[in-house]
Amino acid sequence: MIKQLFAKFIESLKSILPITLLVIILNFTPIINLSSKEIIVFLVSAIFLIIGMSLFNIGAEIAMTPMGEQVGTGLTKTKSLWIVLLVCFLLGLFITIAEPDLTVLAGQVKDVINSSLLIATVGAGVGLFLVLAIVRIVGRTHLSMVLMYSYLILFALASVVLVSGNESLIALSFDSGGVTTGPITVPFIMALGVGIASVLGGKNSNENSFGIVAMCSVGSVLAVLILGIFIKGDINYTLPSYTLEGNIFPFILNNLLTTIKDVSISLGLVVVFFFIVQSICLKLPRRKLLRIGIGIIYTYFGLIIFLTAANTGFITVGYNLGEQLARSNKTVLIIVAFIIGLLVVLAEPAVHVLNSQVENLTEGQVKKSSVLIALSVGVGASICLSVVRIIFDFSVLYYLIPGYILSLGLSFFVPRLYTAIAFDSGGVASGPMTSTFILPFAIGACMVLQGEEKILQDAFGIVAMVAMTPLITIQLLGFRATMASIVKKRIAMRRIVEADDEQIIDFM
């Protein structure tokens, strides 16, 4: 276990170090001037991020993923689809309500929509679409077709919200889809899909294992858009405080206590749910339960450390970076935004869970490194494009509509496995680092370039962009692999045709 933990520590160090070094390097340039307190808090937070991510990754590996798979296979043993669907709806509802990422987003827009109402609405949307995702697996329907119809309904609802005069809520709606699939939701729900697909997914069980995270993201967006239709009156956004003034310890203590509460509720719901299924139909041996229990402890403390560090040191630095870069030079702002996107995805804990699961399920056909590069490029492009949108002040729909048309169009030309992985990766890439570092970065830039009244419309939507662009880049990766395979086959066939009989006989 010590060797395994050390390996995760090195992996986490490689993930957090690039974004940390970037901030330090920028602070030594004339365009960025962070206070000594902000730098110290940021560096200490980075150290704890590494520790937290290490604990979380090992916990997800030995507890969250096995729990999800066992629950998925255990539910199918009931031989009642209605029981499976009811349990999955309740699971989607409760696990989303307690998702820490969603709580962070709801807290930042509490003056716009009541936090409890927003969280409950998103939870209901995720629960319903988790049910739809299970029905898709059972019915063995192509993911691309289900997503196409879902996005048609989604953009139709977005147009209704636009006409009703609540344009600023559109960006928030799409952002909710990104933050819903956070560090607790992703490992468990992805593994749940693996477990159910292994029994009910047929010969394409590996392909059917993916796509659940994507469906849950769509459900949360649709739910908030429906909520937006019924919201009347002026929508005002109040900028929260991003300063580290006075004594820092009460601020850290408050973040720690809030995180402990959120993680305890979230992880507690998953654990209670698992042990209910265990007592009814799993009946796992004590040795396996002990290993899962140890993994839960790692996950619990890892998430508390990670989220507390991110909420303490990274929110303030992210806001100040965006604000100061926007004041200095717009071109530099765009370039730095792209670099931040390339690096920050490395620090998302659920990304490493996705990459490991992709490599395992595809038996090495899709490499972790390939997925990570595609995610990095996609997230870098998304943040860069979001900054351009802030500068020129236009709706996020100008990106999202053509972006999703392109990503859905690509699904007809790439292997279905790549499409399923791509749509899951979008939700995974937009995790806690996006809501605690990237979103404040966009808010800081928007505050300078467009003013506080435009923050909800222009700065929000960046999480949605982070969730969208990986759909394109990973499918392009699949398209390249498909074309390379076709070229190899043609070359091999040409060699066979051009070879004379003597060469063929000698070869045989």
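The model is a predicted one. There are 11 aromatic pairs in the model, and two of the helix contacts, that of α1 with α13 and that of α11 with α12, are roughly antiparallel.

**Aromatic rings**

- A pair of aromatic rings is described by two quantities, the distance of the centres and the angle of the planes.
- The count of aromatic pairs comes to 11, and one of them joins F274 and F275, whose ring centres are 5.2 Å apart with 75° between the planes.
- The pair of F274 and F275 is edge-to-face, because its angle of 75° is over the cut-off of 60 degrees.
- F274 is buried, because its relative accessible area of 0% is under the limit of 20%.
- F275, by contrast, is partly exposed, with a relative accessible area of 37%.
- Y300 and F301 also form a pair: their ring centres lie 5.2 Å apart and their planes stand at 80°, so this pair is edge-to-face.
- Y300 is partly exposed, at a relative accessible area of 23%.
- F301 is likewise partly exposed, at 45%.
- One aromatic cluster is formed by Y151, F155, F174, Y404 and F423.

**Helices α1 and α13**

- Helix α1 covers residues 2-27 and helix α13 covers residues 330-344; their axes come within 9 Å and cross at roughly 155°.
- The two helices are therefore roughly antiparallel to each other, since an angle of roughly 155° is over the cut-off of 145 degrees.
- On the side of α1, the contact is made by S15, P18, I19, L22 and L26.
- On the side of α13, the contact is made by V336, I339, I340 and L343.
- Sorted by class, the residues of this contact are 8 nonpolar and 1 polar, with no charged residue.

**Helices α11 and α12**

- Helix α11 spans residues 248-282 and helix α12 spans residues 286-328.
- The axes of α11 and α12 are 9 Å apart, and the helices pack at an angle of about 155°.
- This angle makes α11 roughly antiparallel to α12.
- The crossing in which α11 passes α12 is right-handed.
- The contact of α11 with α12 has 16 nonpolar and 8 polar residues, and no charged ones.

Notes
Residues are numbered from 1 along each chain as its sequence is written. This is a predicted model: local features need pLDDT of at least 70, side-chain atom pairs count only at pLDDT 80 or more; totals for chains, interfaces and linings use all residues. Side-chain values use heavy atoms; hydrogens and water are left out. Rings of Phe, Tyr and Trp (its six-membered ring) pair if their centres lie within 6.5 Å; planes under 30 degrees apart count as stacked, over 60 as edge-to-face and the rest as tilted. Buried means under 20% relative accessible area, exposed over 50%, partly exposed in between (1.4 Å probe, protein chains only). Axes are lines fitted to C-alpha atoms, for helices over the stretch in contact, and angles run from 0 to 180 degrees between N-to-C directions. Helices (H or I, at least four residues) and strands (E, at least two) are DSSP runs, numbered from the N terminus. Angles under 35 degrees count as roughly parallel, over 145 as roughly antiparallel, 65 to 115 as roughly perpendicular and the rest as oblique. Contact means heavy atoms within 4.5 Å. Ala, Val, Leu, Ile, Met, Phe, Trp, Tyr, Cys and Pro count as nonpolar, Asp, Glu, Lys and Arg as charged, and the others, Gly among them, as polar. A crossing is left-handed if the near helix is turned anticlockwise from the far one by less than a right angle, and right-handed if clockwise.
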